[in-house]
Structures are given as structure tokens and as C-alpha cells.
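User: I'm new to this one. Could you walk me through how its helices pack and what its pocket is like?

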Amino acid sequence: MSTTVEKRVVETAIPKEVLIEEAKEEDSVLREAPKEVKDVVDQAREESSEIEPKTRVSFPIKPYNGLQLNSLGLRKKQILTIGVKIYAFGIYMDNKAMKEVVNSKMEKAPEKPTKELYELMINSDVLAMVRLVIVFPALTMSMVRKQFDEGIGGSVKKLNGGKKDEELVNKVMGAAKDSIILSSGSVIEITRLPGYILQTKVKGELVSGVESELLCRAYFNMYLGDEPFDKVAKEGFGKSLISLF
């Protein structure tokens, strides 16, 4: 920790551990904190992480805004009968807000995750995010856009009575620049904000923010619906939902 932070601890008589915990738990505190405190919090968050076992990619447990990591998974793509690893992902959620939803809709916890339980999350507008970390070494933005549009396009069609909505789907990644280089380790964050706004960030750059309940439902349906990208990740997330009761 820097001399400046140590000086602040002495001047305020607040233990540095308290300052860090307050900043970690309350984003409003962190935004007002000096850069030195923010740096310490960032380091603490990096140390508080989980590893996706198949790729060894690290995911922060509590990144920001009340989000908490609930499940890890891997997205593969079949190329000439070979399962190629495309990206590791972590599914995050505002557990406190989701706890209110599940307890208001279901009287008791099911013994195992049910379709009704998954649909509560898919259909809600509770803050949630999927953090994608690229592991494929030669991925271009155009490739990502194509795969994304196909995936969410199919999900939209399924939830929309068999009707396509290419205009809606294209709004998500359409503004992403082809010049963006997605090397291994690059991060894409797709977040459902309250009010059914699907926000996309590529390498920290805001690409889009689309207000659409259908689009939000379709996106999380790809991970938690009947045909998830990773069944183990879906099951893990289901167990986290049961723990909210």
C-alpha cells in the first residue's frame, strides 16, 4: 500500500482493512475514494477469484455493482468434429435482488433446479452479467459478431413464436469495430441492466445498450435455457438459485 493511503489511514483513524471492505461493498464509496484506495481494492478483487478448470481462466467473485459470480463454464464450437474452445465464461447476478424474486414467486426451494426456477431468472430484469474471456488465439471481431448473431438470433426466434428479428439482434454487436483485436484473454461483458437493457462492452469499450425484454430473455436463455452452451454451468447456476431460498 502506498504512503498516501497509509497517511490517510492515520489521519482518519480508520483501519485500512475497513476502508478496503467499505470500498468493495459500496461502489459509491469506491467512486469517491482516492486512486490509491481504488488500486488496493482492484488488487483485492483480483485475489478473490475462481478458476474455470478447463481453461484456467480466472474470474473475480465480486467484480462491481453488487454482482456475484454464480457459475463458470466453457463455450465450444464444433469444427470438423473437433470441439474448439472459444471462450470461458462466468455468470454473475445480483443475488440479493434475485433472492427477493424467487422467494416472492415460489413457496419453498425445489430439491433440484427446475425449469420454473431458471425461467424466473431468464424472465426477470434483475441485474446480471455474463463475462466472456476469449481463449481462442485467432478470433476476429467479425467472427465474434457472426457467432453471436447466430446464437442469440436462434434464441430470439425460439422465444418469439418462431419469428426472426434480425434488426433487433444486429443492434447488440453491430456497432463493434472490426479493428478491435480479440487476442486470447480479451474480455467481453454483456450485462442485463434493470429495465431490460442489454449492455455490451468489448475490452472495456461500450458497444451498445439495447432496451428490449425479448433480447434480454433470449441472451440468458442461451446459457440457462433448454439447450445451454454448457450444461454443467447451467446446473451450477441452478444450485446457486436454490441457495437463495
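This is a predicted model: local features need pLDDT of at least 70, side-chain atom pairs count only at pLDDT 80 or more; totals for chains, interfaces and linings use all residues.

User: What is the handedness of the crossing where helix 7 passes helix 9, and which classes of residue make up the contact?
Analyst: Helix 7 passes helix 9 in a right-handed crossing. On the helix 7 side, the residues include Phe148, Ile152 and Leu159, and they meet a set in helix 9 that includes Leu214, Arg217 and Tyr219. Sorted by class, the contact of helix 7 with helix 9 comes to nine nonpolar, three polar and one charged.

User: At what angle do helix 6 and helix 10 pack, and what does that make them?
Analyst: Helix 6 runs over residues 115-123 and helix 10 over residues 231-242, with their axes 10 Å apart. The packing angle is about 90 degrees. That is why helix 6 and helix 10 are roughly perpendicular to each other.

User: Which residues of helix 6 make the contact with helix 10?
Analyst: Helix 10 brings Lys234, Glu235, Phe237, Gly238, Leu241 and Ile242 to the contact. By class, the residues of the contact of helix 6 with helix 10 are six nonpolar, one polar and two charged. The helix 6 side consists of Leu117, Tyr118 and Met121.

User: What about helix 5 and helix 6: which residues of helix 5 make the contact?
Analyst: The axes of helix 5 (residues 95-105) and helix 6 come within 10 Å and cross at roughly 135 degrees. That makes helix 5 oblique to helix 6. From helix 6, the contact takes Glu116, Leu117, Leu120 and Met121, and from helix 5 it takes Met98, Val102 and Lys105.

User: Which element gives the most to the lining of the second largest pocket?
Analyst: About 350 Å³ of space lies in this second largest pocket. Several elements each supply at least two residues of its lining, among them strand 3 (68-79), strand 4 (82-93) and helix 9. The one that gives the most, with six residues, is helix 7.

User: How many residues line the second largest pocket, and how do they divide by class?
Analyst: The second largest pocket is lined by 22 residues. Nearest its centre lie Ile86, Tyr87, Val144, Gln147 and Phe148. The lining residues divide into 17 nonpolar, two polar and three charged.

How values were computed:
Residues are numbered from 1 along each chain as its sequence is written. Side-chain values use heavy atoms; hydrogens and water are left out. A crossing is left-handed if the near helix is turned anticlockwise from the far one by less than a right angle, and right-handed if clockwise. Helices (H or I, at least four residues) and strands (E, at least two) are DSSP runs, numbered from the N terminus. Contact means heavy atoms within 4.5 Å. Ala, Val, Leu, Ile, Met, Phe, Trp, Tyr, Cys and Pro count as nonpolar, Asp, Glu, Lys and Arg as charged, and the others, Gly among them, as polar. Axes are lines fitted to C-alpha atoms, for helices over the stretch in contact, and angles run from 0 to 180 degrees between N-to-C directions. Angles under 35 degrees count as roughly parallel, over 145 as roughly antiparallel, 65 to 115 as roughly perpendicular and the rest as oblique. On a 1 Å grid over the protein atoms alone, a cavity is a set of points where a 1.4 Å probe fits but cannot get out, and a pocket is an open set with protein on both sides within 12 Å along at least five of seven lines; lining residues have an atom within 4 Å of a point. Grid points are joined across faces, edges and corners, and a volume is the space filled by probe spheres set on the points.
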